[in-house]
Amino acid sequence: MENNFGFDSIDSSYLDALKEIGNIGAGNATTALAQMLQRKVDMMVPQADLLEFRDLGEAIGGEETIMAGVYMVVEGDINGSMMFLLEKESSKHLVSQMLGGFGDPNTEEFGEMELSVLKEMGNIMTGAYLNSLSDLTGLKIYPSAPEIAIDMAGAILSVPAIEFGVLGDRILMIQTRFTDDVEIDGFFILVPDLDSYHRIMESLGMA
């Protein structure tokens with residue numbers, strides 16, 4: 001079957017389907033976070049949108065905002081990358097919670113242990129998200145080992161932009177606001193290549 005898919009052909013029903021996949025994925029990721037923290041975590045309804053890549057930095061609070069980003073390459077029936085980003089202050093709070101209050105939420109820099117905790121947390125949450133995508137579409141998805149970076153949002157986002165040449169394309173961003181005793185904004189960013197969007201559409205019977 002010839003792939004004539006382009007972003008100009010996306011209609012509202014496909015966007016709604018993508019948003020629903022994102023909502024379910026974010027919900028499963030939040031459940032995974034609650035299990036890691038061993039406490040109740042509430043999730044507000046996630047906001048989902050297809051954004052042009054150049055607008056993404058502004059959408060997550062500005063390209064100069066310091067974020068913790070967990071990044072992995074995605075292979076299998078879809079190819080691309082998956083990221084989970086948190087503002088630095090939110091990251092410090094979650095690390096402190098994960099370490100049972102032993103982490104220092106006021107420290108400016110993350111030590112090796114804190115980075116390891118963040119990486120594992122991001123790995124489990126993005127894994128839960130991708131498992132949802134796989135279950136809903138029937139597609140095989142294999143994530144790589146995660147990488148973590150503490151940097152300005154623009155610098156973190158440049159990694160998939162360079163690797164997959166997506167600067168001119170749109171990507172799916174899910175903003176998930178969840179609370180334990182503080183409010184935390186997390187951003188799931190799925191960057192499939194164009195062929196992978198077409199495969200997702202096919203799996204949903206929409207192509």
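Visitor: How exposed is Ile 66, and what is its relative accessible area?

Guide: Ile 66 is partly exposed, its relative accessible area being 37%. Buried means under 20% relative accessible area, exposed means over 50%, and partly exposed lies in between (1.4 Å probe, protein chains only). The model is predicted, so local features need pLDDT of at least 70 and side-chain atom pairs count only at pLDDT 80 or more, whereas totals for chains, interfaces and linings use all residues. Residues are numbered from 1 along each chain as its sequence is written, and side-chain values use heavy atoms, with hydrogens and water left out.

Visitor: Which residues form the patch of negative charge?

Guide: Asp 55, Glu 58, Glu 63 and Glu 64 gather there on the surface. Lys and Arg count as positive, Asp and Glu as negative, while His and the chain ends are not counted; a charge is placed at NZ of Lys, CZ of Arg, CG of Asp or CD of Glu. Asp 55 is found in the loop between strand S2 (47–52) and helix H2 (56–59), and is partly exposed at 40% relative accessibility.

Visitor: How many salt bridges does a search of the whole structure find?

Guide: Side chains of opposite charge can pair when their charged atoms come close. A salt bridge is a side-chain nitrogen of Lys or Arg within 4 Å of a carboxyl oxygen of Asp or Glu, and the search finds 3. One joins Asp 42 to Lys 40, with the closest N and O atoms 2.3 Å apart. Here Asp 42 is partly exposed at 38%, while Lys 40 is exposed at 63%. Another links Arg 177 and Asp 185 at 2.7 Å, N to O; Arg 177 is partly exposed at 31%, as is Asp 185 at 22%.

Visitor: Where do Glu 89 and Lys 92 stand relative to each other in helix H3?

Guide: These residues are 3 apart in helix H3 (residues 88–98), which means that about one helical turn separates them.

Visitor: How far apart are Ser 81 and Tyr 71 in sequence and in space?

Guide: They are 10 residues apart in sequence and 7.2 Å apart in space, C-alpha to C-alpha. Ser 81 lies in strand S4, residues 80–87, and is buried at 1% relative accessibility.

Visitor: How many helices and strands does the protein chain have?

Guide: The protein chain has 6 helices and 8 strands. Of its 207 residues, 50% count as buried. Taking a contact as heavy atoms within 4.5 Å, residues 24 or more positions apart account for 74% of the contacts with a separation of 6 or more.

Technical notes: Helix = DSSP H or I, 4+ residues; strand = E, 2+ residues; numbered from the N terminus. Patch = residues over 30% accessible without salt bridge, like charges linked within 9 Å, V, L, I, M, F, W, Y side chains within 5 Å. Areas by Shrake-Rupley, 256 points an atom, 1.4 Å probe, with all protein chains shown as cover.
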